[in-house]
Amino acid sequence: MTELFAYTDGACSGNPGPGGWGALLVARDGERVLKERELSGGEALTTNNRMELLAAINALEALDRPSTITVVTDSVYVKNGVTDWILGWKRNGWKTAAKKPVKNDDLWRRLDEARARHEVRWEWIKGHAGHPENERADELARAGMKPFKPGKAAQ
């Protein structure tokens, strides 16, 4: 049976600062990889949390049709936000329990819309712990950030 995974990561040099996001989409039949697709991008002035969100958003938006997918992230912020906090935020008109505006609500709304098309399972893994697909997503995020770092523009 074919399973679809999205390994996502965000990176930032300074917080805020130049940042990048990366996603590795993998279709598997058991242990056998059938297909991989790499995505990345970045911004000149952003935060790590925004890049983590954009990695997940872009992975889901890249799917051509409704799919069953496991999104694997090393971001507790993304995992807890999308599986727990977002329900309260929506109920409270995009305000926190403390009645303050939700940070990054533009991206949370976009993620909520992107996931609505799919059956998504969210999985957290420890970052920088030698997980090959997570390490690749981190490389993609750093590559996405590179054009925005002063003196590091792609040649």
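First, the ground rules. Residues are numbered from 1 along each chain as its sequence is written, and side-chain values use heavy atoms, with hydrogens and water left out. Because the model is predicted, local features need pLDDT of at least 70 and side-chain atom pairs count only at pLDDT 80 or more, while totals for chains, interfaces and linings use all residues.

Start with the largest pocket. A pocket here is an open set of points on a 1 Å grid over the protein atoms alone, with protein on both sides within 12 Å along at least five of seven lines. The largest one holds about 330 Å³ of space. That volume is the space filled by probe spheres, 1.4 Å probes, set on the points.

Who lines the pocket? Lining residues have an atom within 4 Å of a point. Among them are L4, L25, K35, D64 and S67. Two elements give two or more residues each: β2 (17–29) and β3 (32–46). Strands are DSSP runs of E, at least two residues; helices are runs of H or I, at least four. By class, the lining has six nonpolar, one polar and five charged residues. Asp, Glu, Lys and Arg count as charged; Ala, Val, Leu, Ile, Met, Phe, Trp, Tyr, Cys and Pro as nonpolar; the others as polar.

Stay with L25 for a moment. L25 lies in strand β2. Its relative accessibility is 6%, so L25 counts as buried. Buried means under 20% relative accessible area, with a 1.4 Å probe and protein chains only. From L25 to T96 the C-alpha atoms are 32 Å apart.

Now the rings. Rings of Phe, Tyr and Trp (its six-membered ring) pair if their centres lie within 6.5 Å. The count is five aromatic pairs. Take W89 and W108: centres 5.1 Å apart, planes at 65 degrees, so edge-to-face, a label for planes over 60 degrees apart. W89 sits in helix α2 (residues 76–91) and W108 in helix α3 (residues 105–116), so the pair ties together parts 19 residues apart in sequence. Both tryptophans, W89 and W108, are buried. Ring pairs also link Y77, W85, W89 and W108 into a cluster.

Last, helix α1 (residues 48–61). What span does α1 reach from its first C-alpha to its last? It reaches 20 Å with 14 residues, close to the 20 Å expected at 1.5 Å a residue. The expected span is 1.5 Å times one less than the number of residues. Of those 14 residues, 11 are buried, so α1 is largely enclosed by the rest of the structure. The buried ones include R50, E52 and N58.

Conventions. Rings of Phe, Tyr and Trp (its six-membered ring) pair if their centres lie within 6.5 Å; planes under 30 degrees apart count as stacked, over 60 as edge-to-face and the rest as tilted. Buried means under 20% relative accessible area, exposed over 50%, partly exposed in between (1.4 Å probe, protein chains only).
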